[in-house]
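Reader: I would like to learn how to read the helix packing and the chain contact in a model. Please take me through it.

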Amino acid sequence: MPRKGQTLRFNLLAMFIAIIILQTSIPLIGYIPIGPLSITIISATVVIATILMGTLDGAIVGGAWGVLTFIRAFVWPTSPLATIVFVNPVVSVVPRILIGVVAGVTYQALRKRFKRQSVSISIAAVLGSLTNTVLVLGLIYVFYRANAPQLYQVNIKELLPYLLSVVGTNGIPEAIFCGVVAPLITLPLQRMLKGRL
Amino acid sequence: MSNFIFGRYLPGHSWIHRMSPQSKLLLSFYFVIVIFFANNGYSYGLLSALIVFVILMSGVSIAYFLKGIRPLIWLIVFTVLLQVLFSSGGHVLWHFGPFSITDQSLINGGFIFIRFLLIIMISTVLTLTTTPLAIADGVQTVLKPLKKVKFPVDTLALMLSIALRFVPTLMDEMETILNAQRARGVDFGSGSLKHRVKAAVPLLVPLFTGAINHAENLSTAMEARGFSDSEHRTKYRLYKWQFRDTISWIVFLLVGGLVLVFRKY
């Protein structure tokens with residue numbers, strides 16, 4: 001027999017992956033376009049999964065997002081950026097896994113320190129989202145500084161400052177969004193799942 | 001709505017429909033890798049001919065493929081333009097500030113355009129002729145060697161098929177929630193960041209709550225039926241390697257070999 005809650009945990013993971021598939025394919029709930037920027041909500045989903053189910057599961061959900069990004073970069077790219085950058089699995093998958101890891105570790109460390117849950121969730125969410133931005137930026141810089149052979153052979157060197165500024169300007173509102181929304185959504189869900197995982 | 005996996009499957013009995021999902025999946029990967037090696041007119045021509053042949057074999061009308069490409073066309077054009085304007089080398093035909101067009105870059109731009117089309121086409125063939133559940137099954141078979149290093153392949157595959165099963169359900173619920181909020185006068189299309197955040201929360205909370213309810217009901221149902229772990233399950237449908245898979249592999253491998261030969265010219 002499985003341990004109590006094991007099947008529920010399994011199904012919750014499946015549901016979170018389903019939500020992420022949904023968010024990557026429907027613009028309204030996956031991305032919020034603000035002017036020329038489009039900030040993603042999906043990192044908030046990963047943080048919520050992390051806090052509800054633990055660091056490992058958060059990393060799995062983040063990894064699922066990464067793999068989806070990777071596959072989509074080939075077959076159904078969302079932006080010119082994706083066709084250039086996310087066809088590299090290291091850039092698309094690793095930062096997304098680490099969202100879960102960073103958010104989970106931060107939350108565990110802060111949980112006892114702050115009386116109010118929402119504060120620690122918010123800090124974990126901001127850090128998780130920033131991890132994604134910083135790592136994607138950093139890895140783009142590492143991989144594309146030299147003219148490596150590319151799938152689409154675009155001359156990256158001259159585009160690099162442009163790429164970095166786009167991702168960077170997305171990162172700040174993304175982190176703010178994550179920090180505000182994650183506790184608002186997580187707290188009621190936590191009450192719902194209390195004692196059952 | 002850009003459904004890249006769902007609602008795309010078209011039932012049929014063509015050669016491609018009846019191939020096993022694992023070999024379709026692997027052949028698609030293999031094809032993308034071969035595209036990577038193509039570097040001149042001959043090899044691109046050969047690959048294009050192969051993809052046209054595959055589309056004809058799938059028995060799906062070409063209109064479906066064109067419909068799949070339409071929303072992506074601007075993106076493809078934009079990427080090709082980047083390539084044409086920013087690459088260097090060859091005879092310069094026109095230049096203005098940082099932009100320049102050379103004969104070399106025009107040819108490369110054309111090749112990139114074909115590359116995009118080929119990759120999108122092969123993936124469209126895969127999703128048009130294979131159900132999402134069969135794809136999940138194919139993933140399970142393809143990843144089977146990882147079992148040797150204790151990677152929970154079967155658990156992953158079951159999780160993937162549950163996730164794929166619930167995507168349309170959650171999508172319907174999402175639609176309902178959106179309409180409910182619209183009926184209350186929420187405007188999702190405009191406003192500042194603060195406004196957008198305020199609009200997003202009442203969408204996401206019911207979506208997550210609904211998903212958690214599904215997970216709970218499904219767990220109860222699974223445990224009531226004696227679900228213990230996913231590593232020792234048997235299957236209702238078995239997808240076996242067939243003669244037609246072998247034939248298809250031979251064709252694809254031959255084309256791959258020819259592309260390697262054409263590289264030298």
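Author: First, the ground rules. This is a predicted model, in which local features need pLDDT of at least 70, side-chain atom pairs count only at pLDDT 80 or more, and totals for chains, interfaces and linings use all residues. Residues are numbered from 1 along each chain as its sequence is written, and chains are lettered from A and ligands numbered from 1 in the order in which they are written.

Reader: How many helices and strands are there in chain B?

Author: Helices (H or I, at least four residues) and strands (E, at least two) are DSSP runs, numbered from the N terminus. Chain B has 10 helices and 2 strands. Their order from the N terminus is α-α-α-α-α-β-β-α-α-α-α-α.

Reader: Which residues of chain B does the annotation "transmembrane region" cover?

Author: UniProt positions are given in the numbering used here, feature names are shortened, and annotations may be inferred rather than shown by experiment. The unreviewed UniProt entry puts "transmembrane region" on residues 21–38, 44–65, 72–94, 106–128 and 246–262 of chain B. Take residues 21–38 of chain B: the span is 94% helix and 0% strand, with end C-alpha atoms 26 Å apart. Residues 106–128 of chain B are 100% helix and 0% strand, and their end C-alpha atoms lie 33 Å apart.

Reader: At what angle do helix 7 and helix 8 of chain B pack?

Author: Axes are lines fitted to C-alpha atoms, for helices over the stretch in contact, and angles run from 0 to 180 degrees between N-to-C directions. Helix 7 (residues 132–143) and helix 8 (residues 153–183) of chain B pack at about 165 degrees, with axes 9 Å apart. Angles under 35 degrees count as roughly parallel, over 145 as roughly antiparallel, 65 to 115 as roughly perpendicular and the rest as oblique. Helix 7 and helix 8 of chain B are therefore roughly antiparallel to each other.

Reader: Which residues make that contact?

Author: Two residues are in contact if their C-beta atoms, placed from the backbone, lie within 7 Å. Helix 7 of chain B gives residues including B:Pro132, B:Ala136 and B:Leu143, and helix 8 of chain B gives residues including B:Val153, B:Asp154 and B:Leu164. For residue classes, Ala, Val, Leu, Ile, Met, Phe, Trp, Tyr, Cys and Pro count as nonpolar, Asp, Glu, Lys and Arg as charged, and the others, Gly among them, as polar. This contact of helix 7 with helix 8 of chain B has 9 nonpolar, 2 polar and 1 charged.

Reader: How many residues does the contact take from chain A and from chain B?

Author: Chain A gives 46 residues and chain B gives 51 residues. On the side of chain A, the largest share, 14 residues, comes from helix 1 of chain A. That side divides into 38 nonpolar, 6 polar and 2 charged.

Reader: How far apart are the axes of helix 3 and helix 4 of chain A?

Author: The axes of helix 3 (residues 42–53) and helix 4 of chain A are 7 Å apart, at an angle of about 155 degrees. The two helices of chain A, helix 3 and helix 4, are therefore roughly antiparallel to each other. Their contact has 6 nonpolar, 4 polar and 1 charged.
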